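Please read these notes with the model open beside you.

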Amino acid sequence: MVGPNGAGKTTLLRVLAGELKPVAGSVTHGPGTRVGYVAQQMPDPEGTVGAFLAGGLGELAEVTVRMRELEARLAAGEDVLAEFGAVQERWTALEGWTAEARIGEIRQRLDIAELPDGLPLRAVSGGEQARLLLARALLDEPDVLLLDEPTNHLDADGVAWLQGWLAAYDGGVLTVSHDRAFLDAVVTRVVELEGIDEEPQDYPGGGYSAFRVEKQRRWERLLLDFEAQEKDRRRWEADIERTKEFSRGVENTVRSGAEAPHLRRVARLVARKAKVRERRLRRQMESVRWIAKPRTRPPLTLAFPQDAGDPGEVVLRAENLTVKAGDRLLLDGVDLTVRRGDRILITGRNGAGKTTLLNALGEGVEAAVLPQTSDGLRTDQSVMGFFREHVPVYLDDAEKLLQGHQFGPDQWEARLRSLSAGELRRLLLAVLVNSPARVLLLDEPTNFLDFDALDVVEEALRRYKGTLVVVTHDRYFADAVGFGRRWQVTAGEVVEVRLSGA
């Protein structure tokens, strides 16, 4: 399922998963069908890794917790033996003894086995959070998986594993995604919620590439049909107008006193004929077969700041950079130099320290930073208020700038908490683009963006002449933008990787 940010894709998934109630209609699950839902982001980052995963065991998790409580009460001498027996019987029926092995297997398969059970969820990286969300859903062995942007934050190995796992998965999968390579590799049908037509548009028979070709073909056919229809409408209207003119001419002749009684009948017949044709044309235009003028969304416009400084000048430097997260050593004595005009791609596995490195580079320097997530942004502040707080411009200028980023007048006073993840991403890009900084530090910039926004961001960054440091796992994006240097973050080190053709 694809479509522009804010079209309702995540809302639809939440309704199908039972997290939201529809205001009309109903959702029906087949008897005994288990539905697994993987959200875009960790809904509540409180708690620990172990508790979060155990919650994915469904009823077994609740039964296990209750059984442990009753064991403690029995040990304390309380008379709860009968209840303990019933709970233990249910635990046995649910094959509770397999729970630990199931969690261990899922952890191993998703490469999160090294995360301690007691590690706070807030301390894990975005990629590790994505794997935890997927692991929790898979523990319940669902018949249907609802995945909301499942590749966001996943590294290349994680995406490859997910693609292979889904290819072998026997259940049904409905995924919201704008990861073009992932869609080509996994899906066999695309449904678009485009925000213009009320009905979803169905594109069976392929992934992203097939969808793109078929969408263009349908658009061209619709445009040709509309132009043919408009040509026919203009012919009808011209014919009706000629008939009316003839009728008026006959009536004028009658009024002039000419003795021609039959002319009155002719005038009435001609006038009636014109009215019949008008009614027929109006009914045709009101019918469901009439083609409305094909519409598109207003384009997103991005013009990143240019840098006229001296090429080769050092703009960022890291010396003996060492960073820990708890007991984990992420960066160990790293030395790096970024010169004006560099275009650097940062890669590495989830949890290796890529975001940590990007944040360290942005400290104490004039750089525009696009964070990986929108944590802390879902507040009651308005879109206009947030934009003007970070971009000091007059109200009229702010309105024009926001419209260029697809935020119309109806959204200027919308609260940040009401925006979709993609709309929040566009707002952050709007702030970044209009900042005075000449160094861009972007952490997974394609996360949550729809196809139209991706095309524009890629083109803008391809033309950008300033200094660019980007963390991304989006292969399409990296190839489209083009980078001159690549840093691989691994085992506490940052290794310069020679690019092919460099």
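1. A term comes up at once. A cavity here is a set of grid points where a 1.4 Å probe fits but cannot get out. Its volume is the space filled by probe spheres set on those points. Keep in mind that the model is predicted.

2. How many cavities of 30 Å³ or more does a search of the whole structure find? The search finds 3. The largest cavity holds about 150 Å³ of space. Its lining is made up of 15 residues, and N152, D179, T446, N447 and D474 are the closest to its centre.

3. The class make-up of that lining is worth a note.

4. Contacts involve 24 residues of domain 1 and 23 residues of domain 3. Together the two domains bury about 2,000 Å², and 44% of that is on carbon and sulfur atoms. On the domain 1 side, H153, H178 and R180 lose the most area to domain 3. Together these three account for 35% of what that side buries.

5. Two residues deserve a look at their backbone. Most residues other than glycine have a negative phi. Q406 has a positive phi, near 70 degrees. F448 has a positive phi too, near 75 degrees.

6. Where do these two sit? Q406 is in the loop between α13 (395-404) and α14 (421-433). F448 is in the loop between β10 (439-443) and α15 (451-463). Buried means under 20% relative accessible area. Q406 has 13%, so Q406 is buried. F448 has 5%, so F448 is buried as well.

7. Next, Y169. Y169 lies in the loop between α7 (156-168) and β3 (172-176). Is Y169 buried or exposed? Its relative accessibility is 16%, so Y169 counts as buried. Which residues does Y169 contact, leaving aside its neighbours within four places in sequence? They are P142, D143, V144 and L145. D143 is 26 residues from Y169 along the chain, and their C-alpha atoms are separated by 9.4 Å.

8. E19 belongs to the loop between α1 (9-16) and β1 (35-38). With a relative accessible area of 46%, E19 is partly exposed. Leaving aside its neighbours within four places in sequence, E19 is in contact with R14 and Y37. E319 is 300 residues from E19 in sequence, and the C-alpha to C-alpha separation is 48 Å.

9. Last, A360. A360 is in helix α11 (residues 354-362). Its relative accessible area is 22%, so A360 is partly exposed. P311 is 49 residues from A360 along the chain, with 23 Å between their C-alpha atoms.

Terms used
Residues numbered from 1 in each chain as written. Predicted model: local features only at pLDDT ≥ 70, side-chain atom pairs only at ≥ 80, totals over all residues. Heavy atoms only, no water. 1 Å grid on protein atoms, 1.4 Å probe; cavity = no way out; pocket = protein on both sides within 12 Å on 5 of 7 lines; lining within 4 Å. Helix = DSSP H or I, 4+ residues; strand = E, 2+ residues; numbered from the N terminus. Buried < 20%, exposed > 50% of the residue type's maximum accessible area, 1.4 Å probe, protein only. Contact = heavy atoms within 4.5 Å. Buried area = accessible area lost by both parts, 1.4 Å probe.
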